[in-house]
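Take a moment to look over the fold below. Let's walk through it together and see who sits beside whom.

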Amino acid sequence: MFKFKQFTIDDTRCEMKVGTDSVLLGSWVDVTGVRKILDAGCGSGLLAIMAAQRTTDAKIDAIEFDSNAFSDALNNVADSAFSNRINVICSDIVNYDFASAKYDMIISNPPFFTESLRSPSSGRAASRHEGEFGVEWLLKHASRLLDSEGSLAFIAPASRDEEITFKIELSRLHIQRHCEVIPVAGRPSKRTLWQVSPTQGGTPAFSTLTIRNSDGSLTDEYISLTSEFYL
């Protein structure tokens, strides 16, 4: 059970537990003017609820294929102050009929490992390793699901930066924001935060964020970024 300032997340049944990746993405993504959001692979519902807290009236579809994670998300949303704005859907997103739905934003902490070695737990393997759904699927389908001015925001390993940059170009998307996440000062980046769009805007914003100082304490920039959520 994780208590945030305005809501609580119970991830008891969800294979992928609450972690720094989702908190980073949900705190970092630019949601200015966003009215309709898709949380793709919502897990326990953390990103959907964070997005609801950071927007005034945005409507959010949160889709999760795993029935256990879906149950956690459904309960977490119901217990939050934002339940009237979040629709939790139990479905395989790859085969879900979005019809003519268009979103201002897609947000996702997707499966992103491609190694052949997988967890013995099929649920945990599906939530961590790319199958049909993952970064590539998001990039391929972003233009179909987004308004022309909308954006896709996700987090991925820094080791995949070159590959993802190529796939963004291949999908005819454009980088809006890009942030290298350094776990401890002086070490290499481990994650990258991305926000891309079908529409080419101004100059992309490139930045870095360090989570911990060399002594293990949290940096002021990380504390500031996540201050709306952490107690």
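Predicted model: local features only at pLDDT ≥ 70, side-chain atom pairs only at ≥ 80, totals over all residues.

Setting aside the neighbours within four places in sequence, Leu-25 touches Leu-47, Ile-107, Ser-108, Asn-109, Ala-153, Phe-154, Ile-155 and Leu-193. Leu-25 also turns up in the largest nonpolar core, which has 40 residues.

Now have a closer look at H2, which covers residues 46–54. This helix is mostly covered, with 8 of its 9 residues buried. Those buried residues run through Leu-46, Leu-47, Ala-48, Ile-49, Met-50, Ala-51, Ala-52 and Gln-53.

H2 has a packing partner, helix H1, made of residues 20–28. How do you describe such a pair? Two packed helices are described by the angle between their axes and the distance between those axes. Here the angle is about 25 degrees, and the axes lie 9 Å apart. Because an angle under 35 degrees counts as roughly parallel, H1 is roughly parallel to H2. The crossing of H1 past H2 is right-handed.

So which residues meet where H1 and H2 pack? From H1 come Ser-22, Val-23, Leu-25, Gly-26, Ser-27 and Trp-28, and from H2 come Leu-46, Leu-47, Met-50 and Arg-54. Sorted by class, this contact has 6 nonpolar, 3 polar and 1 charged residues.

Notes
Residues numbered from 1 in each chain as written. Heavy atoms only, no water. Axes fitted to C-alpha atoms, helices over the stretch in contact; angles between N-to-C directions. Helix = DSSP H or I, 4+ residues; strand = E, 2+ residues; numbered from the N terminus. Parallel < 35°, antiparallel > 145°, perpendicular 65-115°, else oblique. Left-handed = near helix turned anticlockwise from the far one by under 90°. Contact = heavy atoms within 4.5 Å. Nonpolar A, V, L, I, M, F, W, Y, C, P; charged D, E, K, R; others polar. Core = buried A, V, L, I, M, F, W, Y, C linked by side-chain atoms within 4.5 Å. Buried < 20%, exposed > 50% of the residue type's maximum accessible area, 1.4 Å probe, protein only.
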